[in-house]
Amino acid sequence: MTLPHGYVVELDRHTRVLDGGCALLGGYPTRLLRLTPRARALLTGRTLRVYDRAGAVLADRLLATGLAHPIVTELPWIDPQGTVTYVIPVRDRPDQLDRVLASIRATATDAPVLVVDDASHEPAAVAAVAARHRARVLPLADNVGPAGARNAGLREVTTPYVVLADSDIVLGADTVDVLLRHFADPAVVMAVPRITALPGPDAERWLGRYESARSSLDLGRHPAAVRTGTPVSWVPSACMLARTDALTKADGFDAGMRVGEDVDLCWRLTADGGRIRYEPAVQAAHEHRVELADWFRRKAVYGTGAHPLARRHPDNIAPAILAPWSAALLVALLAQRRWSLPVAGGLVAVATVRNAQKLKGIAHPLPHAARLTALGSLASLTQGTALLTRHWWPLAAVGCLASRRMRRATAVAAVTDVALETLGRGPKPTRLDPVRYAVARRLDDLAYGSGVWLSALKGRSTAALRPRIVRAAARPRASLPPERACPRGDARPRRTPAA
């Protein structure tokens, strides 16, 4: 399977073009990819349009490593007529069901829509709403949960593609049409839009504004390949467009999971070689929870998925993933001794030198190595603050009772956490002030961390609480055209441990 002619990719915003186009540095994990002269000629600025097999091979390599992403507006159009079925799992909530079905019928007037009634208490109300929008109802005698309900609907689908949307979602007018374009890549098995807040009075409330800025379902404004160990390692099942045969081959969702089933599905699909694209150019609006008790309880429920995921995917689940040097950096800073800063500085210096050695062969490797080390240090500190304030907060709380250093470290972590998020992904000052954002953030951490610990205690395992220490590993030679590369090296991609 190869990418079709006309397929267009653009280098990721973090990918750096080095030595006049002789090499690319970026991706997840960070790697150096040296290009042959023939491969260099295929790039026009930061874009590549596939015209032949060589272009398809290079574009595929860039997509696989996270060095580039498709330009979705330039991809071939796929007609949704007769190719897409919509599956909506629901239990009661007729008003929300009416809203999502109306958003579907606004653009897909004749598409088959299947409402899976997951043992509603008032099935007649669900059936009446479905009939009004010409949707078929599949009633279930027993409540099997969202995963089981989606699987029941999936077994009824005969079209090549299926949209799975929860009842509290409102689809955008062009969401499905745009997502379909990603399937021009035969390796793509799923494409997912950005999940944004549903406008309305609830979105203007305190927690509504926090969720608009930092919902667990909102994965940001930049496109991404969904893979473990990357910034977007999973996508929510609130709205998904997938190849029907790929989901069927994977046996759908794990019906034994009431939470985290979307994470499990993503990891199984990618482990089998499938590609999942996160596409923020289109959105699906979600009705966020804004009542404090309900919101807090739901965040805790999210956390309880940690142990089941750790049991199914022991190599993927970890509250932090660190290189040996960055783990030592965190320990040194947490110790808060006179030697802490000198040791931390030494670790950063050694990591910079080692990164420079991995970049040997390009012009001026040291500045690039210093940048990678700085980014790795920042990522490590961010993960360290999350350990203290989120995943390990019960241990941090006990430590604060006995240690002044722990109190100081936790306070710094809490302040730094909020400062970084407010300046970066966090809310605009006009949307939510830093104090209320900080309170909501800490409650979010408290709830989620509690769920993680409850699942760990119930499962009698600390697998979901243990950080993972990883070492850089060699990568296989890129399958690129056989001409010699730039004078400074060959076509071998190398991984540099930026984090």
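Let's start with Thr352, which sits in helix α13, residues 340-358. Helices here are DSSP runs of H or I, at least four residues, numbered from the N terminus. A word on the model: it is predicted, local features need pLDDT of at least 70, side-chain atom pairs count only at pLDDT 80 or more, and totals for chains, interfaces and linings use all residues. Residues are numbered from 1 along each chain as its sequence is written, and side-chain values use heavy atoms, without hydrogens and water.

Is Thr352 buried or exposed? Its relative accessibility is 12%, so Thr352 counts as buried; the cut-off is under 20% relative accessible area, with a 1.4 Å probe and protein chains only. Leaving out residues up to four places away in sequence, Thr352 touches Leu366, Ala369, Ala370 and Thr373. Touching means heavy atoms within 4.5 Å. A polar atom of the Thr352 side chain also lies 2.8 Å from the backbone oxygen of Val348.

Next, a helix pair. Helix α7, residues 206-214, packs with helix α10, residues 292-303, at an angle of about 35 degrees, axes 10 Å apart. From α7 come Leu207, Tyr210 and Glu211; from α10, Leu292, Trp295 and Lys299.

Last, α17, residues 434-459. Why do 37 Å between its end C-alpha atoms agree with a helix of 26 residues? Because at 1.5 Å a residue it should span 38 Å, the expected span being 1.5 Å times one less than the number of residues. At its start, a side-chain oxygen of Asp433 reaches to within 3.1 Å of the backbone nitrogen of Val435. Just after α17, Arg460 takes a positive phi of about 55 degrees. Buried residues in α17 include Tyr437, Arg441, Asp444 and Trp453.

Definitions and conventions
Helix = DSSP H or I, 4+ residues; strand = E, 2+ residues; numbered from the N terminus. Buried < 20%, exposed > 50% of the residue type's maximum accessible area, 1.4 Å probe, protein only. Polar contact = N/O pair within 3.5 Å; in protein donor to acceptor, adjacent residues only side chain to side chain. Axes fitted to C-alpha atoms, helices over the stretch in contact; angles between N-to-C directions.
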